[in-house]
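Here are my notes on this structure, point by point. Please keep the view open as you read.

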Amino acid sequence: MNKSYLIMAPFWDYNDEYSYTVGYGAGRPVASFTSREAADKRCEELEIEAWRLNLAGDSSGRWMCDSYKYMASLSEDEAAAKLKATFPDEDGEDYEIDLDDFVVPTDVTNEQIKVLREVFDWIYFNHVVEVELE
């Protein structure tokens with residue numbers, strides 16, 4: 001059987017407290033590919049664009065329905081270490097990371113977005129779905 005790879009964008013909604021995806025597996029198709037590699041590459045590009053559009057200058061807390069420790073796959077220590085390495089203090093000082101209210105800089109780079117996507121892994125705007133063709 002042949003396969004196709006769809007980039008799907010989930011439906012996000014906001015309830016005056018936080019954003020959440022609507023309906024398990026629900027979303028809209030964005031693009032289709034015959035190559036997984038091509039789909040993954042384009043999905044990564046779309047994710048970086050969407051993160052910059054939706055989170056640059058905004059708090060991660062708006063995208064959380066619970067505390068970080070209950071939503072993420074990384075431990076709080078691992079996440080804080082990654083963020084401190086990616087967003088060092090300008091004076092070289094040690095500082096506390098608030099994982100429940102981390103504000104993404106407005107001038108965030110693509111490389112920084114890649115780390116943010118790993119730390120806040122439940123926030124996604126596109127994902128690749130494999131489809132079997134008959």
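1. Start with N126. Leaving aside neighbours within four places in sequence, N126 is in contact with I7, M8, A9, P10, V30, C43, L46, E47 and A50. Keep in mind that this is a predicted model. N126 sits in the loop between α4 and β5, the strand at residues 127-133. Is N126 buried or exposed? N126 is buried, because its relative accessible area is 9% and buried means under 20%.

2. Now step back to the whole chain. The protein has four helices and five strands. Along the sequence, the pattern reads β-β-β-β-α-α-α-α-β. The C-alpha atoms fill a box of roughly 60 × 30 × 25 Å along the principal axes. Of the 134 residues, 34% are buried. Now take contacts between residues at least 6 apart in sequence: 70% of them join residues at least 24 apart.

3. Look next at helix α4, residues 110-119. Which residues of α4 are buried? They are Q112, I113, V115, L116 and V119. These residues cover an arc of only 160° around the axis, so they lie on the same side of α4. What do they pack against? Their partners are α1 (36-55), α2 (68-71) and α3 (76-86).

4. Helix α3 can be read in the same way. Its buried residues are A79, A80, L83 and T86. The arc they cover is only 135° around the axis, which puts them on the same side of α3. D77 and A85 are exposed on the other side of α3. The buried residues of α3 pack against α2 and α4.

5. Move on to S59, in the loop between α1 and α2. S59 is buried, because its relative accessible area is 13% and the cut-off for buried is under 20%. One reaches the backbone nitrogen of G61 at 2.9 Å. The other is a polar contact of 2.3 Å with the side chain of D101. Not counting residues up to four places away in sequence, S59 touches D101, F102 and V103.

6. Compare Y95, in the loop between α3 and α4. For a sense of scale, pick out R62. Y95 and R62 are 33 residues apart in sequence and 22 Å apart in space, C-alpha to C-alpha.

7. Finish with the largest pocket. How much space lies in the largest pocket? The value is about 190 Å³. The lining is made up of F87, P88, D89, E90, Y95, E96, I97, D98, F102, V103, P105 and Q112. By class, that gives seven nonpolar, one polar and four charged residues. Some names here have come up before.

Conventions
Residues numbered from 1 in each chain as written. Predicted model: local features only at pLDDT ≥ 70, side-chain atom pairs only at ≥ 80, totals over all residues. Heavy atoms only, no water. 1 Å grid on protein atoms, 1.4 Å probe; cavity = no way out; pocket = protein on both sides within 12 Å on 5 of 7 lines; lining within 4 Å. Points joined across faces, edges and corners; volume = space filled by probe spheres on them. Nonpolar A, V, L, I, M, F, W, Y, C, P; charged D, E, K, R; others polar. Buried < 20%, exposed > 50% of the residue type's maximum accessible area, 1.4 Å probe, protein only. Helix = DSSP H or I, 4+ residues; strand = E, 2+ residues; numbered from the N terminus. Arc of directions from axis to C-beta. Contact = heavy atoms within 4.5 Å. Polar contact = N/O pair within 3.5 Å; in protein donor to acceptor, adjacent residues only side chain to side chain.
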